[in-house]
Amino acid sequence: MRTYHDLTDPDRSGLAQQIGAQRQRVAERLAGVGRIVAVMSGKGGVGKSYVTAHLARALARAGKPTGVLDADLNGPTIPRLLEVSRAPLTAHSAHVEPMVGLDGVRCISMALLLEDGAPLAFRGPSAESFVWRGAMEATALREFLGDVEWGTLDTLLLDLPPGMQRYVELCDILGTPPAVLTVTIPTPESRDAVRRAMRAAVDRGSALLGVVENMVGGELRGSAADELASEFGTPVIGRVPFHPSANAWDQIADQVSRAPRTAHRAS
Ligand SMILES: Nc1ncnc2c1ncn2[C@@H]1O[C@H](COP(=O)(O)OP(=O)(O)OP(=O)(O)O)[C@@H](O)[C@H]1O
Ligand SMILES: [Mg+2]
């Protein structure tokens with residue numbers, strides 16, 4: 001497989017044009033989307049997807065049309081959380097319609113595309129699986145952003161997998177870094193992983209909307225959210241206990257819907 005650096009000059013300028021055209025397509029597709037918010041953590045299993053789905057539902061109940069792009073291509077969980085059935089997606093010649101889940105939240109996920117539910121990671125030729133998987137994932141993400149017709153949305157939430165790779169890919173595809181909402185649990189281990197993610201987001205130019213502390217009030221000890229909020233000068237916008245009531249999300253939804261709108265640009 002050739003890398004960008006192996007390309008000859010004419011190829012290289014062609015590639016730059018392709019990237020420009022793709023960004024243009026993504027910008028046009030997202031023109032009706034008020035704001036894009038990546039839900040991120042850097043740490044696995046802290047409740048990013050759970051927070052994303054419930055926040056989306058609270059926004060939708062407040063009368064703000066909301067979509068979720070499940071950017072966890074290998075462990076997609078959003079359709080289950082929003083009780084969206086697998087199939088069939090409605091595909092038109094130039095676009096795909098998102099599915100509609102609980103409270104009217106629109107959603108797209110790899111789980112809706114893989115007929116047998118097999119994760120992307122296991123679908124490549126094994127000798128090159130790492131390279132192949134990376135290329136597949138970036139392509140799938142680009143297609144989601146370029147092909148899904150969300151219509152008019154107040155907010156599009158992006159549910160990211162753990163780590164920073166998907167965030168970096170998103171910044172490249174979008175051209176403009178998304179606003180970032182971070183999720184942590186109270187522990188020092190979570191704080192340290194989330195700090196790295198927040199630093200990377202700030203370095204890339206994302207606006208930090210705040211920190212949600214999940215799984216509070218139980219056995220987990222620590223004050224990760226307060227510490228991160230004061231380090232980064234951003235608010236703690238919610239503390240979510242285990243099995244919260246539906247109205248626990250209202251305050252978080254209110255804060256997110258006050259965030260500045262995203263300017264979509266093609267370069
Ligand atoms: N506040 C909560 N109350 C009850 N269960 C919760 C809560 N937050 C998360 N969970 C549960 O904890 C598990 C992990 O949450 P979730 O899958 O949202 O984490 P994640 O950060 O998205 O994980 P991954 O890093 O794998 O994407 C799930 O079973 C989820 O339903
Ligand atoms: Mg998740």
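User: What stands opposite M40 in β6?

Analyst: That would be T182. Bear in mind that this is a predicted model.

User: How many bridges join β6 to β7, and in which sense do they run?

Analyst: Five, and the two strands run parallel. The cut-off for a pair is at least two bridges, so β6 and β7 (residues 208–216) pass as well. T182 turns up again here: V211 in β7 stands opposite T182. To get from β6 to β7, the chain goes through helix α6 (residues 188–204), and this β-α-β crossover is right-handed.

User: Why are β3 and β8 said to stand at the edges?

Analyst: Look at the order of the open sheet, which has eight strands: β3-β4-β2-β5-β1-β6-β7-β8, with mixed pairing. β3 (99–100) and β8 each have a single partner strand, so one side of each has no neighbour in the sheet.

User: What makes β6 mostly covered?

Analyst: Its residues, 179–184, are buried in six cases out of six. To count as buried, a residue needs a relative accessible area under 20%. Both faces pass that test: A179, L181 and V183 on one side, and V180, T182 and T184 on the other.

User: Why is S257 called buried?

Analyst: Set the value against the cut-off. S257 has 16% relative accessibility, and buried means under 20%, so S257 is in. S257 lies in helix α8 (residues 250–257). The C-alpha atoms of S257 and R35 are 8.6 Å apart, although 222 residues separate them along the chain.

User: And why is E169 buried?

Analyst: Same test again: the relative accessible area of E169 is 12%, and the limit is under 20%, so E169 counts as buried. You'll find E169 in helix α5 (residues 165–174).

User: Which residues are closest to ligand 1?

Analyst: K48, S49, Y50, N214 and H243, out of 15 residues that surround ligand 1. A side-chain N or O atom of S49 is 2.9 Å from an oxygen atom of ligand 1. N214 has a polar side-chain atom 2.9 Å from a nitrogen atom of ligand 1. P241 uses its backbone instead, with an N or O atom 3.0 Å from a nitrogen atom of ligand 1. On its own, ligand 1 has 630 Å² of accessible area, and the protein covers 73% of that.

User: Which elements give two or more residues to the shell around ligand 1?

Analyst: They are α2 (48–61), β7 and β8 (236–241). α2 gives the most, with three residues. By type, the shell splits into seven nonpolar, six polar and two charged residues.

Definitions and conventions
Residues are numbered from 1 along each chain as its sequence is written. Chains are lettered from A and ligands numbered from 1 in the order in which they are written. This is a predicted model: local features need pLDDT of at least 70, side-chain atom pairs count only at pLDDT 80 or more; totals for chains, interfaces and linings use all residues. Side-chain values use heavy atoms; hydrogens and water are left out. Buried means under 20% relative accessible area, exposed over 50%, partly exposed in between (1.4 Å probe, protein chains only). Helices (H or I, at least four residues) and strands (E, at least two) are DSSP runs, numbered from the N terminus. A crossover is right-handed if, with the strands pointing away from the viewer, the path from the first strand over the helix to the second runs clockwise. A residue is near a molecule or strand if one of its heavy atoms lies within 4 Å of it. A polar contact is a pair of N or O atoms within 3.5 Å; within protein, one must be able to donate a hydrogen and the other to accept it, and residues adjacent in sequence count only if both atoms are side-chain atoms. Accessible areas come from the Shrake-Rupley method with a 1.4 Å probe; for residues, only the protein chains shown count as cover. Ala, Val, Leu, Ile, Met, Phe, Trp, Tyr, Cys and Pro count as nonpolar, Asp, Glu, Lys and Arg as charged, and the others, Gly among them, as polar.
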